[in-house]
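User: Hi! I am new to protein structures and would like to learn how to read one. Could you walk me through it, feature by feature?

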Amino acid sequence: TGQLTLLHRAVNEAMANVGFQPEDRRFSPHLTLARIRQRASHEEAQAVGEAVHRAEVGHLGDALVEEMILFRSVLKSSGAEYTPLARYTMGK
């Protein structure tokens, strides 16, 4: 998470330079495993939450990131729609 925190800071600084305000919330690197639709029942949502809570996750591995893509994400009733806005080559 240390490298992700450095990347987060660099992105925030670059965005501030073009007029964007940084978010007030604390940065929390994460991996989204699932989304629960709003129409899911309370019991269904609770069952998913309990299953995730019980799951034991060890080391997920290492990955070499060669490219970063900035996406626009629009949540629709049919699911999220992602549009690539920019691509960045890493470490070159």
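Analyst: Happy to! Let us begin with a definition we will need: a residue is called buried under 20% relative accessible area, exposed over 50%, and partly exposed in between. Take phenylalanine 71 as a case: its relative accessibility is 42%, so it counts as partly exposed. Please keep in mind that this is a predicted model.

User: How confident is the prediction, and which element has the lowest mean pLDDT?

Analyst: The score to read is pLDDT, the predictor's confidence in each residue, from 0 to 100. Here the protein chain has a mean pLDDT of 87, with 98% of its residues at 70 or more. Among the elements, α1 has the lowest mean, 88, while β2 has the highest, 91.

User: Let us look at α1, then. How do I read a helix?

Analyst: Start with the general idea: an α-helix has 3.6 residues a turn, so residues three or four places apart point the same way. In this model, helix α1 covers residues 2-17, which makes 16 residues. From its first C-alpha to its last it reaches 23 Å, close to the 22 Å expected at 1.5 Å a residue.

User: Which residues make the nonpolar surface patch?

Analyst: The patch is made by Leu4, Leu7, Val11, Met15, Val18, Phe20 and Phe27, and its area is about 580 Å². Let us pick out one member, methionine 15, which lies in helix α1. Its relative accessible area is 32%, so methionine 15 is partly exposed.

User: Now for rings. How many aromatic pairs does the structure hold?

Analyst: A general point comes before the count: a pair of aromatic rings is described by the distance of the centres and the angle of the planes. This structure holds one such pair. The partners are phenylalanine 71 and tyrosine 82, with ring centres 6.4 Å apart and planes at 80°, so the pair is edge-to-face. Phenylalanine 71 belongs to strand β1 (residues 67-76) and tyrosine 82 to strand β2 (residues 79-89), so the pair links distant parts of the chain, 11 residues apart.

User: Is tyrosine 82 buried, exposed or partly exposed?

Analyst: Use the cut-offs from our definition: with a relative accessible area of 47%, tyrosine 82 is partly exposed.

User: What about charged side chains? How many salt bridges does the structure hold?

Analyst: Side chains of opposite charge can pair when their charged atoms come close. The structure holds three salt bridges. One of them joins the side chains of arginine 25 and glutamate 23, at 2.5 Å from N to O. Arginine 25 and glutamate 23 are both exposed.

User: And which residue does arginine 87 meet?

Analyst: Arginine 87 forms a salt bridge with glutamate 67, and the distance from N to O is 3.5 Å. Because arginine 87 lies in strand β2 and glutamate 67 in strand β1, the pair ties together parts that are 20 residues apart in sequence. Arginine 87 counts as exposed, at 54% relative accessibility, whereas glutamate 67 is partly exposed, at 39%.

User: Which residue pairs with lysine 76?

Analyst: That is glutamate 81: the two side chains meet in a salt bridge of 2.9 Å, N to O. Glutamate 81 has a relative accessible area of 37%, so it is partly exposed. Lysine 76, at 42%, is partly exposed as well.

User: How do I compare distance along the chain with distance in space?

Analyst: Pick two residues and read both values. Tyrosine 88, in strand β2, is 22 residues along the chain from glutamate 66, and their C-alpha atoms are separated by 8.5 Å. Threonine 83 is also in strand β2; threonine 83 and isoleucine 69 are 14 residues apart in sequence and 9.8 Å apart in space, C-alpha to C-alpha.

User: How far apart in space are glycine 49 and methionine 90?

Analyst: Their C-alpha atoms are 35 Å apart, and the two residues are 41 apart in sequence. Glycine 49 has its place in helix α2 (residues 42-54). With a relative accessible area of 38%, glycine 49 is partly exposed.

Conventions
Residues are numbered from 1 along each chain as its sequence is written. Side-chain values use heavy atoms; hydrogens and water are left out. Helices (H or I, at least four residues) and strands (E, at least two) are DSSP runs, numbered from the N terminus. The expected span of a helix is 1.5 Å times one less than its number of residues. Rings of Phe, Tyr and Trp (its six-membered ring) pair if their centres lie within 6.5 Å; planes under 30 degrees apart count as stacked, over 60 as edge-to-face and the rest as tilted. Buried means under 20% relative accessible area, exposed over 50%, partly exposed in between (1.4 Å probe, protein chains only). Patches are made of residues with over 30% relative accessible area and no salt bridge: like charges are joined within 9 Å, nonpolar side chains (Val, Leu, Ile, Met, Phe, Trp, Tyr) within 5 Å. Accessible areas come from the Shrake-Rupley method with a 1.4 Å probe; for residues, only the protein chains shown count as cover. A salt bridge is a side-chain nitrogen of Lys or Arg within 4 Å of a carboxyl oxygen of Asp or Glu.
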